[in-house]
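Dear colleague,

I am passing on the structure we spoke about, and below it you will find my notes on what turned up. Please read them with the model open beside you.

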Amino acid sequence: MDLRVDQPLLLLLLVPILIYFVWTWKKDRNILRKEGRTVFFIRVLAIFCLVLGLTNPYLLLPIKEEQIVFLIDRSASVQGTDQQVSEWIEASLDSRKDRHLVGVYTFAEDFQTEIPLTDEEIKLPVFSPMKSPGNTDIARALQLSTGIIEPNKATRIVLFTDGIETSGTIADELMKIAGSNVTVDVVQLERVSSEDVAVTSFETPPVAFEGEQQQLNVELQATKATNGELLLYQNDQLLSREQVALEQGSNSYTFRNTSKGEGLLKYEVQVIVQGDALIENNKLTSVTNVESSPRLLVVTNEDTSTNIPLVIDKEAITTDVITANSLPYDLSNYLAYDAIIFDNVPGHIVGEQKMNVIEQAVKNFGTGFMMVGGQNSFGLGGYFKTPIEKLLPVEMEVKGKQQLPSLGLIIVMDRSGSMSGSKMEYAKEAAARSVEMLRDDDHLGFIAFDDRPWQIIETEPLKDREAAVEKILSVGAGGGTEIYTSLALAYEQLQPLKLQRKHIILLTDGQSSSSNDYQTLIEEGKENNITVSTVAVGQDADRALLESLAEMGGGTFYEVQDESTIPAIMSTETAIISRTYIEDNPFYPTIYGDPAWSSLFVDGVPQMNAYIATTAKQTANVIAQSEKEDPVLAEWMYGLGRTLAFTSDSTGAWSGDFARWNNWGDFWNTAISRMLPSYSEVPFTIQKSTDGSYTVTDPSGSSSFIEVAAVNEKGEELAVTSEPLAPGKSRVTVESEPGLVFFRVSNEKDAIYQAGISIPYSEEYKVQQPNVQNLQLITSRTDGELLSEPAEVFRDIGMTSSEKQPIRQFLILAAIILFFIDITIRRFGFKQLIAPFRKNKKEATSPATKTTSNMEKLVREKKKR
């Protein structure tokens, strides 16, 4: 037990106090009687207690308890070692003593508690699965484990690991642990021996020209000799498949490919080996930028054709034509094109997932986009509130129009248990969009049904749009499916209303539990001007029933396999019945002054038959306008890409004399040239650093600052951390899963460069040996040992631990008591102070002398003086 103080300098106050008391003692000791001397020494002791209390003193009391923390690495690099670690720990517990507190914790990139610190007997559980085994952060695991323990107790952390870290820095954390009550012992782990083949390197030329033979280099690492299959893909299309005989160690292969594509081409190599231990390290991607003539993608509907490829310059522009059903999901496939045209394509065929990817291609990588009109486009195509509407220069809603037909709309939506999840979310979002498209005077009703109807919104004029949307979004899923009663309720509510248009949208993914006379119900409804459209979601829906209901009810039947298309379908239906979108009176468009366009109309403007009514956005550039001041041709910049809206068609049915005009081909060539992105001839360079970051440099030195955006294959914008290193040079860090990431680099002069960066799989999945250097660093910095025997865990830690016991309050209390005694003696005398203790004694020896006269007291006091 030790006595220590926190503020020892305050003890210097004792020097002048001691001098004062020494001087006082020498001066008055001869005249001080017994009581005076007692008071003097009591006062000295009180002052000493008070000064000592000011220094914040404390006692160090020894602690016998010791803490043993088992910290287990369960990342991918030590896969298969759980049983080995459990047996090792159980064997070590045989040497445990009563003073030991034991806890078990596991980590990879994250940190988990298996058994909290306890003095009770423990039994190892089956380790819980790790959320992120693809990375190892030893430094964070040590930091969190030292935060769990009691810092005043001697602690040993037993770290089971191979020393391979892919996140954090061990050395930084060890500096904090050194000198504390914590030592770290290490038990070296190594991945359980198994056959594994990894693709360790895949290199393709960063830039190539169309028709050039490209050399693609692949390197594989094998733990033992084996046979496998090596596959090569270009933009997800298989290019090559060959059988390979792998030797133990490194194996190199070369492919030669002459690319016929343009833009950013994604290459992927994959190795397949029977019984391979890890599949995460079996493939890598790389990107090559192939430069050639512009490439255009024209998207059509299955039921329609397009004339655009027939009238544009085929020698200058390479054109691919696909149907909306064939649109890809991956961003790399869109970046292979310089511009995209949707020619009369319905939104519910495209789906919002693909729309999101296209929006990213336009916004961040400068891909041009154009929508061409027809009965399946713009508002009629269901693009209201979609990513495509966001990127276009026009809004799908028709604003400022008068004399629109009065409308009553009831949405009848399945809320049974089978609709739970994404189906229900998309359906509710679709219904909410329909509400936003209605006018305040339109009638709206919303019925959700399971085995009976639930009236969510009463059928009445729409007054509070926000409240209606909130009610729709609050609907939950559950129950069975009964269609007829809910549909009959909708007809019953619409029949008495005096409206020009009455429409029901029925959406379900199941089959009705009962069969009823739908035909009579619908026929009676038709007499009251009620129509019905149906949406069948998934393969379990009663397709035959729903199709017949739509046919009898004069509406449209939609079959949905992709839930993300439901909002577009509902928008289409609401647009058709709520607005008169098609303007079909022949007119001569008014052309405005952009020279790129106006030069085409020097000899006059042809007549046009029809177009889809839209509203130009505030900053859009309207090139051609109808007599009703609706945009016919408009353009604007969306992010880095230019987008166009042509609200007439490409076939001539709506565009009229335009399709027979001499400059019809030049019209489309101009539209395409306006959409093409302009890239800097001197691209920025992107180099990967050893820490996983990227250094982006302008080799020309003309950039003051560099801006970088990153998007993954799914079209999701990634968080980018950019650190300027010098003018025109930045270090960029991107958080992304393994795979392909696309960079868009620009500067203040609008120079743009796009590149694909391959994010490889984590270092955890590489074929590698334990990092012994890291293990030695841990033990040397923390006075630990590299353990080989389980019994060594519970050896003496070799450092004492203690806890502080403050005594400041006791010293101050003692000083107060001593001052009280001092005052009492000086006021009443020493005998008066001890009188209570002598009273009983006096009563026992001489009870006759209990009372003393006042005169005797006065005589005694006089003698004292």
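Helices (H or I, at least four residues) and strands (E, at least two) are DSSP runs, numbered from the N terminus. Residues are numbered from 1 along each chain as its sequence is written, and side-chain values use heavy atoms, with hydrogens and water left out. Please keep in mind that this is a predicted model, in which local features need pLDDT of at least 70 and side-chain atom pairs count only at pLDDT 80 or more, while totals for chains, interfaces and linings use all residues.

The chain as a whole

By the DSSP assignment, the protein chain has 22 helices and 42 strands. Its radius of gyration, taken over C-alpha atoms, is 43 Å, whereas a compact globule of 865 residues would have one near 29 Å, the globule rule being 2.2 Å times the number of residues to the power 0.38. The C-alpha trace spans about 140 × 80 × 60 Å along its principal axes. Of the 865 residues, 50% are buried, where buried means under 20% relative accessible area, exposed over 50%, and partly exposed in between (1.4 Å probe, protein chains only). Contact means heavy atoms within 4.5 Å, and among contacts between residues at least 6 apart in sequence, 73% join residues at least 24 apart.

Helix α13 (residues 484–494) is largely enclosed by the rest of the structure, because eight of its 11 residues are buried. Among the buried residues of α13 are Tyr484, Leu487, Tyr491 and Leu494.

Leu265 has its place in strand β14 (residues 263–272), and at 1% relative accessibility it counts as buried. Not counting residues up to four places away in sequence, Leu265 touches Gln234, Asn235, Ser259, Ser286, Val287, Thr288 and Val290. Leu265 and Asp236 are 29 residues apart in sequence, and their C-alpha atoms are 9.9 Å apart in space. Gly275, in turn, lies in the loop between β14 and β15 (283–291), and Gly275 is exposed, with a relative accessible area of 59%. Between Gly275 and Val197 there are 9.9 Å in space, C-alpha to C-alpha, although the two are 78 residues apart in sequence.

Aromatic pairs

A search of the whole structure finds 24 aromatic pairs, for which rings of Phe, Tyr and Trp (its six-membered ring) pair if their centres lie within 6.5 Å, with planes under 30 degrees apart counted as stacked, over 60 as edge-to-face and the rest as tilted. Trp597 and Phe667 form a tilted pair, at 5.5 Å centre to centre and with 55° between the planes. The pair links distant parts of the chain, since Trp597 is in helix α17 (residues 595–598) and Phe667 in helix α18 (residues 664–675), 70 residues apart. Both Trp597 and Phe667 are buried. Ring pairs link Trp597, Phe601, Phe646, Phe658, Trp661, Trp664, Phe667 and Trp668 into a cluster.

Ala659 is found in the loop between β33 (641–646) and α18, and Ala659 is partly exposed, with a relative accessible area of 27%. Leaving aside its neighbours within four places in sequence, Ala659 is in contact with Thr651, Gly652 and Trp664.

With best wishes
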